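Please consult the sequence and structure shown here alongside the text.

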Amino acid sequence: MTLNIDKHVASIRSATSESRAQMRSNANRWLGSGTDLQREAAQRLIAALDQQEWGERSALIGELRGLDTAERVIRAFTVRPMSETEAKLIQVLLDHPGSTSAALTHALGWKAQSWHLHFGTMCANRAVYLWPAPDAEHRDGKFYSGILADLKEPENLFTMKPDVEAAFARLGLRKRA
């Protein structure tokens with residue numbers, strides 16, 4: 001990032017998310033240790049990045065507002081296609097509804113309760129396309145797995161939400177017989 005900040009501000013709209021992240025990182029570094037001129041330029045760049053991201057997020061929210069649950073799930077997994085591991089996370093829940101995180105983890109051949117961690121991360125990564133995560137009941141923070149799955153307590157049994165299961169069927173993932 002050079003001090004010709006106008007050039008960088010003008011490039012924000014067409015920049016990739018990776019380029020924007022680098023711009024923001026550079027600007028934050030200059031805020032902490034740059035000259036007065038660099039700090040001023042960094043503040044302008046961060047404000048322009050924030051404004052662009054706010055506008056894009058507002059437009060996305062407007063687009064998604066009219067979509068039903070299944071359409072939002074399909075959109076989320078079309079815009080950000082699932083990885084092979086994510087497909088396994090979904091498939092194991094479809095195949096073993098009403099299971100604990102430990103049982104789902106074991107069915108994948110993994111250790112501990114890693115299914116829950118990875119499933120929650122997958123949901124959090126697509127939350128902007130889906131809907132807000134519910135608050136966690138037993139700790140501070142959000143329950144990201146609760147975006148796509150229902151949790152029956154106190155047994156801690158996970159089941160895919162019915163509308164979400166229908167969306168995954170449209171994406172080619174169905175409970176195996």
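The model is predicted.

## Helix H5 and its surroundings

Helix H5 covers residues 84-95, which makes 12 residues. From its first C-alpha to its last, H5 reaches 16 Å, close to the 16 Å expected at 1.5 Å a residue. The buried residues of H5 are Glu86, Leu89, Ile90, Gln91, Val92, Leu93, Leu94 and Asp95. The elements that cover these buried residues include the helices H4, H6, H7 and H8, together with strand E1 (149-152) and strand E2 (157-160).

Leaving out residues up to four places away in sequence, alanine 87 touches Met82 and Leu173.

## The contact of H6 with H7

Helix H6 (residues 101-108) and helix H7 (residues 114-125) have axes that come within 7 Å and cross at roughly 95°. H6 is therefore roughly perpendicular to H7, since the angle falls in the range of 65 to 115 degrees. On the side of H6, the contact is made by Ser101, Leu104, Thr105 and Leu108, and on the side of H7 by Ser114, Trp115 and His116. By residue class, this contact of H6 with H7 comprises three nonpolar residues, four polar residues and no charged ones.

## Aromatic pairs

A pair of aromatic rings is described by the distance of the centres and the angle of the planes. The model contains four aromatic pairs. One of them joins phenylalanine 77 and phenylalanine 168, with 5.1 Å centre to centre and 70° between the planes, an edge-to-face arrangement. This pair links distant parts of the chain: phenylalanine 77 belongs to helix H4 (residues 69-79) and phenylalanine 168 to helix H8 (residues 162-170), 91 residues apart. Phenylalanine 77 is buried, with a relative accessible area of 5%, and phenylalanine 168 is likewise buried, at 0% relative accessibility.

The rings of tryptophan 115 and phenylalanine 119 have their centres 4.6 Å apart and their planes at 25°, so this pair is stacked. Both residues lie in helix H7, four residues apart, about one turn of the helix. Tryptophan 115 and phenylalanine 119 are both buried. They also belong to one aromatic cluster, formed by Trp115, Phe119, Phe143 and Phe158.

## Asparagine 156 in the loop between E1 and E2

Asparagine 156 is found in the loop between E1 and E2. At 37% relative accessibility, this residue counts as partly exposed. Neighbours within four places in sequence set aside, asparagine 156 is in contact with Ser99, Thr100, Ser101 and Leu151. Among these, Ser101 also takes part in the contact of H6 with H7. The C-alpha atoms of asparagine 156 and asparagine 125 are separated by 23 Å, the two residues being 31 residues apart along the chain.

Methods:
Residues numbered from 1 in each chain as written. Predicted model: local features only at pLDDT ≥ 70, side-chain atom pairs only at ≥ 80, totals over all residues. Heavy atoms only, no water. Axes fitted to C-alpha atoms, helices over the stretch in contact; angles between N-to-C directions. Helix = DSSP H or I, 4+ residues; strand = E, 2+ residues; numbered from the N terminus. Parallel < 35°, antiparallel > 145°, perpendicular 65-115°, else oblique. Contact = heavy atoms within 4.5 Å. Nonpolar A, V, L, I, M, F, W, Y, C, P; charged D, E, K, R; others polar. Phe/Tyr/Trp six-rings, centres within 6.5 Å; stacked < 30°, edge-to-face > 60°. Buried < 20%, exposed > 50% of the residue type's maximum accessible area, 1.4 Å probe, protein only. Expected span 1.5 Å × (residues − 1).
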